[in-house]
Amino acid sequence: MAEVLVLVELDPAGGPRKTTLEALTAARVLGEVSAVVIGAPGAAVGVHDALAEHGAATVLVAEHPEIEDYLVAPKAEVLAQLVADRSPAAVVIPSSPEGKEIAGRLAIKTGSGFLTDVTEIAADGTATQVAFAGATIVHSQVTVGTPIYTLRGNSVTPVPAPGAATVVTVPVTVSEAAKATRVVERVVEQKSTRPELTEASIVVSGGRGVASAANFALIEALADSLGAAVGASRAAVDSGFYPHTFQVGQTGKTVSPQLYIAVGISGAIQHRAGMQTSKTIVAVNKDAEAPIFELADFGVVGDLNTVVPAATEQIAARR
Ligand SMILES: Cc1cc2nc3c(=O)[nH]c(=O)nc-3n(C[C@H](O)[C@H](O)[C@H](O)COP(=O)(O)OP(=O)(O)OC[C@H]3O[C@@H](n4cnc5c(N)ncnc54)[C@H](O)[C@@H]3O)c2cc1C
């Protein structure tokens, strides 16, 4: 059976990220999955069981003390070496910013075609992508080299399937070429207790209609009642209501949660580009003609200052 390499993204809190379990699930249609753990010594500790539960036949462990010191270049080198040594049928990588950069470098190193942000992979290697702000669904196949895919988060539900997860240690050398850019300092980002925006199952986003930074407390309270992440439209972040890192849309983050709640957001095409593959969309807007209602599965026409606290209260009462 053909081998498919899946790059493991590690969760700083321990274990593999959910995006890795999604990639393992998507990759299984292409062949027998080998999960690739690349990191500093000890990186693979604590990930084995989750990889075994999600179908990894092999766990390729590539650890080196310098591997985290030079951005992504050493990781791309390790993957390129594995592609040369093992001739896999494909490589699947989570579509994070780091994953996409590794995939691009890998494609150049191996002379391979690369499909980014795919939402599905078929058994014949055909990938599905959403293009032109969601207006077009594209089906593509790689015709050159080893197909490389990055899988958009939340596109695939992780499905457990037992795998042997036999551990194989991979020798690593970090070349001088990979040492061109050295990490000189790491600063731990202050994170909220809310889920990461691009990985959350539920996202509550606020727009210009929220009207102020202080009023975003309504959005946060609704999000917290649902265990959701908070997002924002560009108009909201440009107005200083919420930090730019939470912007959803064409020039912000792309999300695809089970439930997306758009509050005080009109539904401009550039906002839709980042959220329209959400499974269920709920809109709260005082304007019944707002374009977001064309996209929404459920809509509430009303003032968010009334609707949102009432919804938060009802949800809290049911918990
Ligand atoms: C190149 C480019 C890239 C862009 N990228 C992005 C992007 O990544 N993400 C993004 O979001 N936008 C992006 N935009 C901007 C986009 O075109 C819109 O301007 C923006 O999405 C509008 O944000 P909004 O819906 O919050 O604001 P508005 O369009 O002003 O809508 C506010 C909505 O709130 C409603 N409302 C007001 N008060 C209340 C109330 N009390 N209760 C209920 N509803 C209320 C109004 O009826 C209205 O529908 C981009 C634009 C360009 C040109």
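A salt bridge is defined here as a side-chain nitrogen of Lys or Arg lying within 4 Å of a carboxyl oxygen of Asp or Glu. The model is predicted, so local features require pLDDT of at least 70 and side-chain atom pairs count only at pLDDT 80 or more, whereas totals for chains, interfaces and linings use all residues. Residues are numbered from 1 along each chain as its sequence is written, and side-chain values use heavy atoms, with hydrogens and water left out.

**View 1. Salt bridge between Lys179 and Glu176.** The two side chains meet at 3.6 Å, N to O. Glu176 is exposed, with a relative accessible area of 62%, while Lys179 is partly exposed at 23% (buried means under 20% relative accessible area, exposed over 50%, partly exposed in between; 1.4 Å probe, protein chains only). Both residues belong to a network of salt bridges that also includes Glu66. Over the whole structure, the search finds 13 salt bridges.

**View 2. Salt bridge between Lys100 and Asp117.** The closest N and O atoms of this pair are 3.4 Å apart. Because Lys100 lies in helix α4 (residues 97-110) and Asp117 in strand β5, the pair ties together parts that are 17 residues apart in sequence. Helices (H or I, at least four residues) and strands (E, at least two) are DSSP runs, numbered from the N terminus. Lys100 is partly exposed, at 29% relative accessibility.

**View 3. Salt bridge between Arg272 and Glu294.** Here the closest N and O atoms are 3.2 Å apart. Distant parts of the chain are linked by this pair, with Arg272 in helix α7 (residues 269-272) and Glu294 in helix α8 (residues 292-295), 22 residues apart. Arg272 counts as buried at 15% relative accessibility, whereas Glu294 counts as exposed at 64%.

**View 4. The largest nonpolar core.** A nonpolar core is a set of buried Ala, Val, Leu, Ile, Met, Phe, Trp, Tyr and Cys residues joined through side-chain atoms within 4.5 Å. The largest has 32 residues, of which Val37, Leu51, Val92 and Tyr149 touch the most other members. Elements that each supply at least two residues include β1 (3-7), α1 (18-27), β2 (32-39) and β9 (148-151). The largest share, five residues, comes from α1.

**View 5. Surroundings of Leu51.** Leaving aside residues up to four places away in sequence, Leu51 touches Val8, Pro16, Thr20, Leu24, Ala35, Val37, Ala56 and Val59 (contact means heavy atoms within 4.5 Å).
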